[in-house]
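Please look over the sequence and the structure shown here before reading on. The report below takes up some of the features that can be described from them.

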Amino acid sequence: MARFPVLPVGQVDQAIGRGGLVVLDFWQAACPPCRALEPRLEAFARRHPGVFTAYRIDIDTDQHTPDRFGVMSIPTLIWLRDGTEAARLDGLIRDADLEDTLARLTARPAPGSAASGGGDG
């Protein structure tokens, strides 16, 4: 089962209203950078089970939600905490960007960071 299922049109409020940390992945099937990011996002979710809930927003079938969140380019990831935007990543999104954002939002050191005992520091 996909860890970033496509959210049906009109279900955003219900999804983000559950509280906790939610990641919205704004994507398009015909977008090469979006498709390149997809397996990395799935692997990221597998490394952090239960820490966040994630959904994809297909901009071809849901034009209202990207407008609502001010999405100007894809791929864009919007991280929401209890329904309020807490972080945003767009364009070239590296694995380190994902880990650093999650660490900042959960106040946990990212794997390989100096705070976790890894890295050069």
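The axes of helix 2 (residues 32–47) and helix 4 (residues 95–106) come within 11 Å of each other and cross at roughly 35 degrees, where axes are lines fitted to C-alpha atoms, for helices over the stretch in contact, and angles run from 0 to 180 degrees between N-to-C directions. Helix 2 passes helix 4 in a right-handed crossing, a term used if the near helix is turned clockwise from the far one by less than a right angle. On the side of helix 2 the contact is made by R40, L41, F44 and R47, and on the side of helix 4 by D95, L98, E99 and L102; contact means heavy atoms within 4.5 Å. Sorted by class, the contact of helix 2 with helix 4 has four nonpolar, no polar and four charged residues, with Ala, Val, Leu, Ile, Met, Phe, Trp, Tyr, Cys and Pro counted as nonpolar, Asp, Glu, Lys and Arg as charged, and the others, Gly among them, as polar.

This is a predicted model, in which local features need pLDDT of at least 70, side-chain atom pairs count only at pLDDT 80 or more, and totals for chains, interfaces and linings use all residues. Residues are numbered from 1 along each chain as its sequence is written, and side-chain values use heavy atoms, with hydrogens and water left out.

## The whole chain

The protein has four helices and four strands, which follow the pattern α-β-α-β-α-β-β-α along the sequence; helices (H or I, at least four residues) and strands (E, at least two) are DSSP runs, numbered from the N terminus. Of its 121 residues, 40% count as buried, where buried means under 20% relative accessible area, exposed over 50%, and partly exposed in between (1.4 Å probe, protein chains only). Among the contacts in the protein with a separation of 6 or more, 62% come from residues 24 or more positions apart.

The average pLDDT of the protein is 89, and 87% of the residues score at least 70, pLDDT being the predictor's confidence in each residue, from 0 to 100. Over residues 115–121 pLDDT stays under 50, and for this stretch the model has eight contacts beyond four places in sequence.

## Single residues

| Residue | Relative accessible area | Class |
|---|---|---|
| D25 | 3% | buried |
| L102 | 2% | buried |
| T76 | 1% | buried |
| D82 | 54% | exposed |

D25 lies in strand 1 (residues 21–27) and, leaving aside its neighbours within four places in sequence, is in contact with F4, L41, Y55, R56, I57, T76 and L77. T76, found in strand 3, has contacts that include L24, D25 and F26 as well as R88, L89 and D90, again leaving aside neighbours within four places in sequence. L102 lies in helix 4, and its C-alpha atom is separated by 9.0 Å from that of F52, 50 residues apart along the chain.

Two details of the backbone remain. Most residues other than glycine have a negative phi, and most peptide bonds are trans. A cis peptide bond, with omega about 0 degrees, joins I74 and P75, and P75 is placed in the loop between helix 3 (64–68) and strand 3 (76–81). D82, although it is not a glycine, has a positive phi of about 50 degrees, and D82 lies in the loop between strand 3 and strand 4 (84–90).
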